Amino acid sequence: MSEPVSALQGAIFEGLVKVEEAGPCGMITLRGDLASTQVKTAATGVAGVDFPGQGEANCAGDKGLCWMSPDEILVLCPYDQAGAGVAAIDKLLAGTHYLATNVSDARARFVVSGLDAREVLAKLTPADMSPAGFAPGRFRRTRLAQVPAAFWMRDEHMFEVICFRSVAQYVFDILTAAATPGSEVGFF
Amino acid sequence: MLILHCPYCGVDADETELSPGGEAHLKRAGPGTPDDAFERYLFHRENPKGVHFERWRHASGCGKWFHAARCTVTMEVFGTYPAQVTEPPQEICDRITGKRPGWSWGAFS
Amino acid sequence: MSTRLASGGRLLDRSKAVDFTFNGKRMRGFAGDTLASALLANGQTLVGRSFKYHRPRGIVASGAEEPNALVNLGQGPRHEPNQRATTTELFDGLRATSQNHWPSLEFDVGVINNYASRFLPAGFYYKTFMAPRPAWKHVFEPFIRQSAGLGKAPKDRDADIYEHFYAHVDVLVIGGGIAGLAAARQAGAAGARVLLIEQTAHWGGRAPVDGAEIDGMPAAEWVNDTVEALEAEENIRLRRRCMGAGIYDHGYVMAYERLGDHDPQEGLPRHRLWKIRAKQVVTATGAIERPLSFAGNDLPGVMLAGAIRDYVVNWGVSPGDRTVVVTNNDDAYRTALALKQAGLEVPAIIDARPAPASPLIQAARDLGIKVETGRAVAKVKGRARVEGVAVSAQAGEGAALQDITCDAVAMSGGWSPVVHLWSHCGGKLVWDEENAHFRPDVARPPIGADGAGFVRAAGIANGAMGTRDVLADADAQGRAAALACGHKRRKKTAPSAAAEEAAPLEPVWLMPQGAGAALRAKMWLDFQNDVKVSDVQLAAREGFESVEHTKRYTTLGMATDQGKLSNINGLAVLSQSLNEEIPQVGTTTFRPPYTPISMGAIAGEARGAIFQPLRRTPMHDWHAENGAYWEPVGHWRRPYCYQRPGESVEEAVQREVRNTRENLGLLDASTLGKILVKGADAGKFLDMMHTNMMSTLKPGRCRYGLMCTENGFLTDDGVVARIDDETFLCHTTTGGADRIHAHMEEWLQTEWWDWKVWTANLTEQYAQVAVVGPKAREVLDLMGGMDLSAGALPFMGWADGQIGDFKVRVYRISFSGELSFEIAVDAHRGRAFWDALLEAGAGFGVMPYGTEALHIMRAEKGFIMIGDETDGTVIPQDLGLDWAISKKKTDYLGKRAQERTHMTDPDRWKLVGLETLDGSVLPDGAYATAPDSNANGQRNVQGRVTSTYHSPTLNRGIAMGLVKHGPDRMGEVLEFPRTDGGKAAVKAKIVSPVFYDPDGEKQNV
């Protein structure tokens, strides 16, 4: 079996902040009635974290749950566990109305870290990136410049950003452009 | 540059995160319907100066379609609501009546 | 002549000399200078030529309103035209050149227009260039283009970088004068998140120059203290060199921050465009002084009184040794006092008011300045600059009472609030009789999302005159803005200033009041565009009663300064000519941006490699390294073909087709859309989405499907695979993936929300490779892992399995007519799979092929292509695809529309193949002509070419097209006039669209 190769093979840029492609990561799209205990159990069973509320992300280590929409949850897990995760969900939800599928290869993931991480993202997204507008625990689907993306915070100075795999280079390039050394805004 | 509140994910979305979807509450006319009903469905659109009901999709966001009631003159937003309805909720209609007494739009008033 | 004073200049650092050049001449200024103040300090009063008459022009103003001092800045990739010298901060090495003259600033040939000015009145171009018609294109326009334009357009690629920044605040305060500071201070105290922006490099605006006292201290001191206090607040942010450019709906504000203009740095953003969402906006944008309309008011040396004061106080610059002040209000007296205090002469203050009295006027008299009341400047004397003024009675026609020798004139016609930002988003104005200006109508503000006003003007921008009223108003507006956002934490004591007693202003729109035609033809309203009082009066006489029409007829206010100086004066003249009140005439529309902003700032990061997203498949790098000639497909880049050294694009395409037909081709098909559709109602749903019946498809099988929109037209096609009872995978075209996924979600969410169906867009989860050609099975068998024999995996079947090291899903579908396997692997393993196929295929003559070979092979087979055979007006029936339209279904999207009479018209053009008689390739898009002409005299047509190629397989041109009654006319020859202008029409025979292997023997093995 060949090794999985992420879109940018772990590209790194250090400027105003550090931008790092995070390498393969397991992701499962689970669609269903998020109010249903069964669906919640299926998701938390794979991720091992509490089920998030609207607009939230619960992440711990390489596992987590991100609230995508009222009927969609994104399950994060180690890359090689995604297949088993889907199987586990399928087993639990068999016979009910749901969809679970492995999307680990459909996306790219970046870690943006540093004191100015908020500002770097605020150069690219119309979302409110101030501490009052966005904080650890929140999850935001939005756009970064011209492509859809989503992000959440590991801590006050570290963001995880996901986008589609095909635009990984574009997102890396706009993040690094926004992180041009000396271009800090000093706003937040 | 509008901001519309997405009733599904709770985000106050920037217009650049949304995609417009034209007039709300169209009634589909399928096979077997008379020509005038189909013409109404496919071609006739409201073009009001004032109260208007529209469809929007939170495209760079949760991906959900929703409805917005707004004033095309002042851009005042009377409210947004989920797409799974065939007419505007009473609460929205009441709010519009409070601000634009005597309004009417299509079959609604 | 202007010069630098020996001392003074509150903004200057005289210990730091700064060298720059103007028209190649070396000059020296100080840190803190603007280019304008430095030019004046170097005695450069002539800075440019006017647009139309090429009249000599000097600096008029000291800020953003400057109409004349426009220069070219920088060189090569950093060259930028039309930059205002008054807002350009001086830096070491700055290079400026003047504009709109030839051969030189001092000696300009175009000035001949000046002497012909009586033949070039408003509307001259409209009247003169009407006839004869061809003359416009060949004579007039080239000539006008030659002489038009101010600065030179940059030729090189911009070397600088730019960026955007999104900020969300409660209260945005625009303008960092004392009003803005006071508003920000109070809004911040209430607990609001506040952003305060100021377009210049300095806080405090005019107050320090005007000598105001606030809270018992000089304004400059109060400004410093306040800025320091605001900077210490956690919830307040301050930005200098950041201009509020435009206000839009729902609190959206564009601000333009100039980061590098005053201090260019390689590799750092030059400008930053702020995209601000503010709950409340306070526009503390100040006021702009109005010129007075007297003859010769455009001569270099005639300046705004406030500007002269700025140059003296801020930059220690003398505008001239002897300055005559002419005014209709008290404020200009401050200029006289400032000049006097700097040791300069003020021979007289010419005050148009009959008998004004106030402490300021008394102060001027006390200093020994002669105050002439009820007087006017009849005209300014001098040719290239001010040499004196002729004084007359304001009430008269201009008979000179006395001449005064002077080398500068300071004029003031009163102050107009800067209402631009208030007006951008629909704020209305009222006419203020007392101060003769328009100010914001607080009862009709710009409306926000909640139906309430979201913009408040503050200070003089709101019509509050005098330091005391300005501070009180701004303080209240700041507080009110915070309250409107729900913040009321604390309230600070408002800053205070003493009341000022002033004599009332008297509106003066013509000076003198009864000036005759000769004088009026020398009174400039719009300095940059050369619009005079006489032009506006002519427009009124010729029936241009609307101010918007007059603007366009005369070009008043259409220059780069957008009428900041000319607007009010112009419409006052118009209203007088029309015998109407000024408010009835109204203003022209204020549109953003407030002053021009750079194109680079608008583009932001979107340039070069990241101008737009470029989507890459997992195999992208291999393509790039192996001669890919790219074709954009949506945002994807797909190889059109792979060029080998010495090979043309055409040769590469032909080679790829031949090799795929004879040996083995590989196509990167990863870009095709793949949408998972799952649920108890998935079959029912896909029956609605497609024209075919999908619910009857058996698991393990594939079916080609067509999708239409509700208007009946074809929108997409692709192969649907049934995964299990509840699950389908729908392939779409490359460009259709996101669109079709959204289309499906739209119907599920908005029409059939009770149906049990989920979708997921898996397009990017898989890399997909089409392994195509007679040797396709052999290479896959060599790699091993699964049985791909015809018995195990028949045509139009799919199977999960293992090939070599790879977990795969194999679809036996063919878009080329060859034996073909489309194989999906996880995207992260796509490149490795591609490499493995190339390695295993080496012995079978493997060659990747691009999109053009794909197109040719499908055309040889008569397969349609969405976007070639379809153009949004074509229904499946037109394309002979009736076999893919279910007769059993009562409904599908588009079915009702396809029942419309026009759709069932037997005369619709239908798909056929076209074969040229001489074997050549038909021109793409060519039309087949029919006898005679239509009612418009156009040749009748009976068909058109939709796809056309040279087929290497058949070694001749093949084409597909839509032809009237086409399928019933097999063998008929049509004529297609060439599209490249060639004379002879191409003759082509109507044939079947399937040119190759009509029985499918090659793919079904």
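In the predicted model, strand E21 (residues 349-351) of chain C is joined to E22(C) by three bridges, and the two strands run parallel. Within E22(C), the residue that stands opposite C:Ile350 is C:Glu372. Both strands belong to an open sheet of five strands in chain C, which has the order E18-E26-E20-E21-E22 and parallel pairing. Strand E18 (302-304) and strand E22 (371-373) of chain C stand at the edges of this sheet, and because each has a single partner strand, one side of each is left without a neighbour in the sheet. When direction is ignored, neighbouring strands of the sheet are turned against each other by 20 degrees on average.

Chain A contains four helices and 11 strands. Its radius of gyration is 17 Å, close to the 16 Å that the globule rule gives for 188 residues, and chain A is therefore as compact as a globular protein of that length. The C-alpha trace of chain A spans about 55 × 40 × 25 Å along its principal axes, and 55% of the 188 residues of the chain count as buried. Among the contacts in chain A between residues at least 6 apart in sequence, 62% join residues that are at least 24 apart.

Helix H1 (residues 37-47) of chain A has buried residues at A:Val39, A:Ala42, A:Ala43, A:Val46 and A:Ala47. These residues lie on the same side of H1(A), because they cover an arc of only 115 degrees around the axis. Such a pattern can be related to helix geometry: an α-helix has 3.6 residues a turn, so residues three or four places apart point the same way. The cover over the buried residues of H1(A) includes strand E3 (26-31), E5, strand E6 (72-77) and helix H2 (82-93) of chain A. After H1(A) comes A:Gly48, whose phi is positive, near 70 degrees.

Between chains A and B, 10 residues of chain A are in contact with 12 residues of chain B. On the side of chain A that touches chain B, strand E5 (63-69) and strand E9 (139-144) of chain A each supply at least two residues, and E9(A) gives the most, with three residues. By class, this side of chain A has four nonpolar, four polar and two charged residues.

Terms used:
Residues are numbered from 1 along each chain as its sequence is written. Chains are lettered from A and ligands numbered from 1 in the order in which they are written. This is a predicted model: local features need pLDDT of at least 70, side-chain atom pairs count only at pLDDT 80 or more; totals for chains, interfaces and linings use all residues. Two residues are in contact if their C-beta atoms, placed from the backbone, lie within 7 Å. Ala, Val, Leu, Ile, Met, Phe, Trp, Tyr, Cys and Pro count as nonpolar, Asp, Glu, Lys and Arg as charged, and the others, Gly among them, as polar. A residue is buried if 20 or more other C-beta atoms lie within 10 Å of its own, exposed if 12 or fewer, and partly exposed in between; C-beta atoms are placed from the backbone. The arc is that of the directions from the helix axis to the C-beta atoms. The radius of gyration is taken over C-alpha atoms; the globule rule is 2.2 Å times the number of residues to the power 0.38. Two strands pair if DSSP finds at least two bridges between them. Axes are lines fitted to C-alpha atoms, for helices over the stretch in contact, and angles run from 0 to 180 degrees between N-to-C directions.
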